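Please look through the sequence and the structure shown here. The paragraphs after them go from one part to the next.

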Amino acid sequence: MNDLEFKTEENRFNLHHLATDKFKTNLVQIFFMLPLKNEKEAAMNALIPSVLERGSKNYNDNQLIKTELENLYGSNMSSNILKRGENQILRFSLEMVNEKFLTHKSNLTVDAFNLLNDIIFNPLTERGKFKQRFFEQEKEILKQDILSLINDKYSFAVENCLTRMCKNEKYGIYKMGTVSALAKISNQELYDHYQKIIEEAKRSLFLVGNFKSSFVENIFENTNLEAGADIFDENTEAVYQDKDVDFYEQELRVNQARLSIGFRTGITRKDPDYYSLLVFNSLIGGSTHSRFFQEIREKRSLAYYVSSSIESTKGLLLVNSGINAENHKKVIEVVKNEIAAVIKGKFSQDEFLRSKKSIINHLKQDLDSNKSLSAHFLLSLVNNKEESIKKTIAGVEAVDEDDIIAVAKKLKMDTIYLLKSEE
Amino acid sequence: MESIYNKNMDERLVKAKLDNGLNIYIFPKKDYVKQYAMLSVDFGSNDIDFIDVKNGRRRNMPLGIAHFLEHQLFEDKEESIFDKFADLGASANAYTNFDSTNYLFSSSSNFEDSLINLIEFVEDPYFSDQNVKKEKGIIVQEIKMYQDNPYWKSYFNLLSALYSKHPVKNEIAGTEESVMSITPEDLYICYYNFYLPSNMDLILIGDLDPQRIINLIRENQAKKHFPHFKNPVRIIEEEPENVAKKLVEEKMNISRPMVQIAFKDPVQNEDPAQIIKKEYIVNLLLDIVFGSSSKNYNELYDQGIIDNSFSCSYHKKPDYAYVHLHGETNKPDQMREKVKEKLVDIDHDEIKENFQRIKRKYQGSFIRLFNNFNHLASEFINYRRLGIDIFELAAIIEDITLEELLAYSDKIFNKDFMVESIILNED
């Protein structure tokens, strides 16, 4: 068994390669890092992959692309817009079955990669712009995607809490922009912006799987991906401040009220405290053994879901729960009390060890999934701290009880958001 | 113990059946760190009406009881079950669907202790007035969460339009009223009827030594006494051929309308291999006619009638079957009309042209199945309950012929058996 570590290939620009024959599939991912500037740019960045996926010079409509992917034994090609710190990350993914499991001979990896390359770098254009029909249709679909946030009340509450909390920071920009900003985008602007991304944006190429050495060695001959800076974040401002807690309430016709509480941790992945924050989060709200789950759900029967999660590029911690609106003060009280208890060191050795084991268990399991391996490495790369899962585990192992108390003390409650039903 | 090696996939399946009837299935995965165990009980939200094995009385249980029982088994006299797993570095979970309740954990060390934990807590019920009352508050919150989910809402509206008798029309977690009516006694009745080793399957995946694990479970089970009950007799009232309602409409606070369409497919007595094969045939057919590479999909996409929220699939079980299409749209009336129009008149040439390619896609997805433990376990148990081992799927897919697709294409999309569920946005 190899170490399942990404190797950054010498003399090759931004190629991060994890060679393993553990998986049935091979994964290729191309990333572009796009600093969050304003809502219009955010909307443009979100729109570009959808327009690209509609058709390229050699595969000039969606039907042809999908047909080709099916021919390639149902290879998956997808694009996503992620938000990591104050950046959008544009991710193109391609996953195909490993040729060795096919009964027929096939040149699957190379063929699928050529398709991906054509989609990203060889778009279908008309008079120096994207094909107008694709542009208009995808603009309308993105508008619907932005509006559809309200259909998922969990994410709706999370995003509403974060945009209010970070209203004066770039982080407050929604990862797909806004409907009004989107409306202002012209096809020409979008195409110019696309070219700028291809030329200037930070970029990176990940490979996870059992690739032939000839494929890896010649990969840059088979793509138009040019040299450029790797996807290190230099843009995010990790705000950490003392202030009064803001409380926002919003009414909609809902059956269940949603409560989101945002905290500043002042800790990002670069900080030595990061591993302590992981353990703290597991102890307080990350899992079913955690304080919030035990106190709010198991003891008081106030919620079905209650959990906390961290954002480790911007330095945030968020608590989310679905409750009856009249209980919101009770739930906030429990959240405050449990954090205060940790500050006083009121947690058992068992709880502490459980929290560590839980983090380590999840990290180890990431070793068994190509996408988790990639996601872990992506975050460490973005935070300019390339780190294998093994190293993260070692960092967690070294955390002690006092480190947890120190993290709990750093936590600053910033914003409370409550979505509740109309009176 | 029986061991089956699939050379194409380079995967092994080890099977054993204990004296008490418990089935054990192990996929040894060399070099994997993750270990995964799932204890699946053949008891789901559909099993509300049955003959009590103890006294022969017919029992009609409150809706959502299987799901309630799943929650309740996590209650223990002293320590939290979640903590017991967490102490071992494992994380436990469970889910209930229409036909099974599944208890699982994943770990990366202490697998054997965690496995014994799993078996022990499922085989050791403890229901009291107090903990049942507490769980009601939690489950009512869970139900409210589903009620705010437009997809979930319209899906169950759709099922209630398809079926007038079959219990699949009911929400898995039940209703607020049904859940509030559940008593510890109800739970015990369901427990001793369904939670017998002979009504359970244990699926284990990871870098495991099968012989050692099987011996460990055998020793554990030998210490316990299980009453020699037969498996319970479930009662499913006869479902009329016709649909219950043609259309259900509801308004919710959403961004744009959601349309779900289904075709009820009458069931006959079919053997398991036929059921699975038909499920694949109709899914292949749907992919050709309405998948993202189809003429229809791309035409309607181009007209702004559907987008990538659209999807279609066919679900087949021994006692019910239906075709399911759904999507979000600002043109709900056009979507309904167009989908009907296209499905009722299918072009045979299109099926002929695309058949081999779509089949290839399904061969690829079969290979992928073995990448993800959770997915493998849930798919494995689906097929296992029908009496088929997952390796056999490759041959079932391979065997599908063009003629079979053509034959179904003229029968399955019958307007008389079509229902629609629409969620409109509130003004």
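Two strands pair if DSSP finds at least two bridges between them. The model is a predicted one. In chain B, five strands form an open sheet in the order β11-β15-β12-β14-β13, and their pairing is mixed. β11 (247–252) and β13 of chain B stand at the edges with a single partner strand each, so one side of each is left without a neighbour in the sheet. From one strand to the next, the twist averages 15°.

Within this sheet, strand β12 (residues 258–264) of chain B pairs with β14(B) in the antiparallel sense over seven bridges. One pair can be picked out: B:V259 has B:G327 of β14(B) as its bridge partner. Two helices pack on the sheet. Helix α5 (residues 150–162) of chain B touches β11, β12, β14 and β15 (418–425) of chain B, and its direction makes about 150° with that of β15(B). Helix α11 (residues 332–344) of chain B touches β12, β14 and β15 of chain B, and its direction makes about 25° with that of β12(B).

Six bridges join β13(B) to strand β14 (residues 321–328) of chain B, and the two run antiparallel. A hairpin through four residues connects β13(B) to β14(B). In β14(B), B:V323 is the bridge partner of B:Y314. In a regular strand the side chains alternate between the two faces of the sheet.

Helix α3 (residues 111–122) of chain B has twelve residues and reaches 17 Å from its first C-alpha to its last, close to the 16 Å expected at 1.5 Å a residue. Its buried residues include B:F111, B:S114, B:L115, B:N117 and B:L118, as well as B:I119, B:F121 and B:V122. An α-helix has 3.6 residues a turn, so residues three or four places apart point the same way. The cover over the buried residues of α3(B) includes β4 (35–41), α1 (65–73), α2 (81–87), β8 (101–107), β9 (200–206) and α8 (210–222) of chain B.

Helix α4(B) has 19 residues and reaches 27 Å from its first C-alpha to its last, close to the 27 Å expected at 1.5 Å a residue. In α4(B), the residues B:E135, B:I139, B:Q141, B:I143 and B:M145 are buried. What covers the buried residues of α4(B) includes elements of both chains: β12 (316–323) of chain A, together with α1 and α6 (176–180) of chain B.

That leads to the contact between the chains. How many residues of chain B are in contact with chain A? There are 48 of them, in contact with 51 residues of chain A. On the side of chain B that touches chain A, α2, β8, α4 (129–147) and α12 (348–368) of chain B each supply at least two residues. The largest share of that side, nine residues, comes from α12(B). By class, the side of chain B that touches chain A has 13 nonpolar, 20 polar and 15 charged residues.

In chain A, two helices can be taken as a pair. The axes of helix α12 (residues 349–366) and helix α14 (residues 389–397) of chain A come within 10 Å and cross at roughly 175°. Angles over 145 degrees count as roughly antiparallel, and α12(A) and α14(A) are therefore roughly antiparallel to each other. On α12(A) the contact is made by A:K356, A:I359, A:I360, A:L363 and A:D366, and on α14(A) by A:I389, A:T392, A:I393 and A:V396. By class, this contact of α12(A) with α14(A) has six nonpolar, one polar and two charged residues.

Some single residues remain. Most residues other than glycine have a negative phi, and most peptide bonds are trans. A:R127 has a positive phi of about 45° although it is not a glycine. A:R127 is placed in the loop between β6 (125–126) and β7 (129–130) of chain A, and is exposed, with 9 other C-beta atoms within 10 Å. B:D31 is not a glycine either, and its phi is positive, near 70°. B:D31 lies in the loop between β3 (23–28) and β4 of chain B, and is partly exposed, with 13 other C-beta atoms within 10 Å.

Note on methods:
Residues numbered from 1 in each chain as written. Chains lettered and ligands numbered in written order. Predicted model: local features only at pLDDT ≥ 70, side-chain atom pairs only at ≥ 80, totals over all residues. Expected span 1.5 Å × (residues − 1). Buried ≥ 20, exposed ≤ 12 C-beta atoms within 10 Å, placed from the backbone. Contact = placed C-beta atoms within 7 Å. Axes fitted to C-alpha atoms, helices over the stretch in contact; angles between N-to-C directions. Parallel < 35°, antiparallel > 145°, perpendicular 65-115°, else oblique. Nonpolar A, V, L, I, M, F, W, Y, C, P; charged D, E, K, R; others polar.
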